[in-house]
Amino acid sequence: MALTLYVDTARWRAHQKHMLEQFPGIVPVCKGNGYGFGHERLAEEATRFGSDVLAVGTTYEAARIKDWFGGDLLVLTPFRRGEEPVPLPDRVIRSVSSIDGVHGLVGARVVIEVMSSMKRHGVSEQDLPLLHAAIEDVRLEGFAIHLPLDRTDGSDAVEEVIAWMDRLRAARLPLHTMFVSHLKAGELARLQQQFPQTRFRARIGTQLWLGDHHATEYRGAILDVTRVMKGDRFGYRQQKVASDGWLVVVAGGTSHGVGLEAPKALHGMMPRAKGVARAGLATVNRNLSPFVWGDKQRWFAEPPHMQVSLLFVPSDAPEPKVGEELVAHLRHTTTQFDRIVDR
């Protein structure tokens, strides 16, 4: 009995093919938990569709993935002096976001990140005159710009990239390759048309692996079902059941990522009102689970355990049976499955 990730493999790969056609030279990203699929599976997929480079989050991820992917590995986290050295092959490319970082990687293959409106990390316009001497000691694979997802100020992503291309060109720095993130296919085409001598390579993870929401589905198997009556006590804290129904033990707990949620950026009154309502219910131990039974998301009977969750299903719903599965609406990037099934 397990928490299972089911993959409609043909549909999933059809979406990958569509993305490859939209973004020539795409750099697939495999970081974190491998977008819910795991590093090994995504490395195999990138190999299958012929990618020459795979982007990973950290040097530790690169060390793990190097045995599963034979092409170049681009580490997205910028190099910092004093970081723990990790043995890596020469086919690993390091991202750098400072002049000092470039000086610290003599002889290495590097991609230099420029500071975008994200304001996260990157070399500044003022740094550019110092890059000429610095890049003589490294093997420059190109520049990179990481763009924001939303542009509430109405600015244009393409114009931001163009502005940086103009700065780099004015500083007489090589522009053979530019790695970009969070651009639409049409925006990428506009850039390629304006700068035909530069190869633009889109680094894409979420949209590539998770862009077709109907290609994957998590399901948790029912391990036990207990009939309960209103007022019965149950669970670790011996709470009382509010009405007649069933206590359902389902595969999937905190070790899988069930019950864990990243903070969300809320826009508008309705999402904020729903957030307040959820917080209010949580204060009286009412927490909606990600598991669906009888076409409704069901409530946790108590907080999820390490490997299972205890749900309450009211008596007006279909009776759950051991061995059946509940669809689970889980975030791929925070979920660890027990098994993956292609179908």
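Which residues line the largest cavity?

Reply: This is a predicted model, and the values below were computed from it. The residues that line the largest cavity are Glu-113, Val-114, Met-115, Ser-116, Met-118, Lys-119, Arg-120, His-121 and His-146. The space inside this cavity comes to about 50 Å³, and a search of the whole structure finds one cavity of 30 Å³ or more. Sorted by class, its lining has three nonpolar, three polar and three charged residues. As background, rolling a probe the size of a water molecule over the atoms shows where empty space is left.

One of these lining residues leads on to another space. His-146 lines the largest cavity, and His-146 is also among the residues that lie nearest the centre of the second largest pocket, together with Lys-31, Ser-181, His-182 and Arg-203. That pocket holds about 670 Å³ of space and is lined by 25 residues. The elements that give two or more residues to its lining are β8 (177-181), β9 (199-204) and α8 (206-210), and β9 gives the most, with three residues. By class, the pocket lining has eleven nonpolar, nine polar and five charged residues.

Eight strands form an open sheet with parallel pairing, and their order is β2-β9-β8-β7-β6-β5-β4-β3. At the edges stand β2 (27-28) and β3 (53-56), each with a single partner strand, so one side of each is left without a neighbour in the sheet. Helix α7 (residues 185-194) packs on this sheet, where it touches β8 and β9, and its direction makes about 160 degrees with that of β9. Elsewhere in the sheet, strand β4 (residues 72-75) runs parallel to strand β5 (residues 92-96), and three bridges join them; within this pair, Leu-74 has Ile-93 of β5 as its bridge partner. In general, the side chains of a regular strand alternate between the two faces of the sheet.

The UniProt record, in an unreviewed entry, places the feature "domain: Alanine racemase N-terminal" at residues 10-162. This span is 31% helix and 19% strand, and its end C-alpha atoms lie 38 Å apart.

Strand β14 (residues 288-293) and strand β15 (residues 296-300) run antiparallel and are joined by three bridges, with Trp-293 standing opposite Lys-296 in β15. These two strands form a hairpin with two residues between them, and Gly-294 in the turn has a positive phi of about 60 degrees. β15 also pairs with strand β16 (residues 308-314), again in the antiparallel sense, over two bridges, and there the bridge partner of Trp-299 is Phe-312 in β16.

How values were computed:
Residues are numbered from 1 along each chain as its sequence is written. This is a predicted model: local features need pLDDT of at least 70, side-chain atom pairs count only at pLDDT 80 or more; totals for chains, interfaces and linings use all residues. Side-chain values use heavy atoms; hydrogens and water are left out. On a 1 Å grid over the protein atoms alone, a cavity is a set of points where a 1.4 Å probe fits but cannot get out, and a pocket is an open set with protein on both sides within 12 Å along at least five of seven lines; lining residues have an atom within 4 Å of a point. Grid points are joined across faces, edges and corners, and a volume is the space filled by probe spheres set on the points. Helices (H or I, at least four residues) and strands (E, at least two) are DSSP runs, numbered from the N terminus. Ala, Val, Leu, Ile, Met, Phe, Trp, Tyr, Cys and Pro count as nonpolar, Asp, Glu, Lys and Arg as charged, and the others, Gly among them, as polar. Two strands pair if DSSP finds at least two bridges between them. Contact means heavy atoms within 4.5 Å. Axes are lines fitted to C-alpha atoms, for helices over the stretch in contact, and angles run from 0 to 180 degrees between N-to-C directions. UniProt positions are given in the numbering used here, feature names are shortened, and annotations may be inferred rather than shown by experiment.
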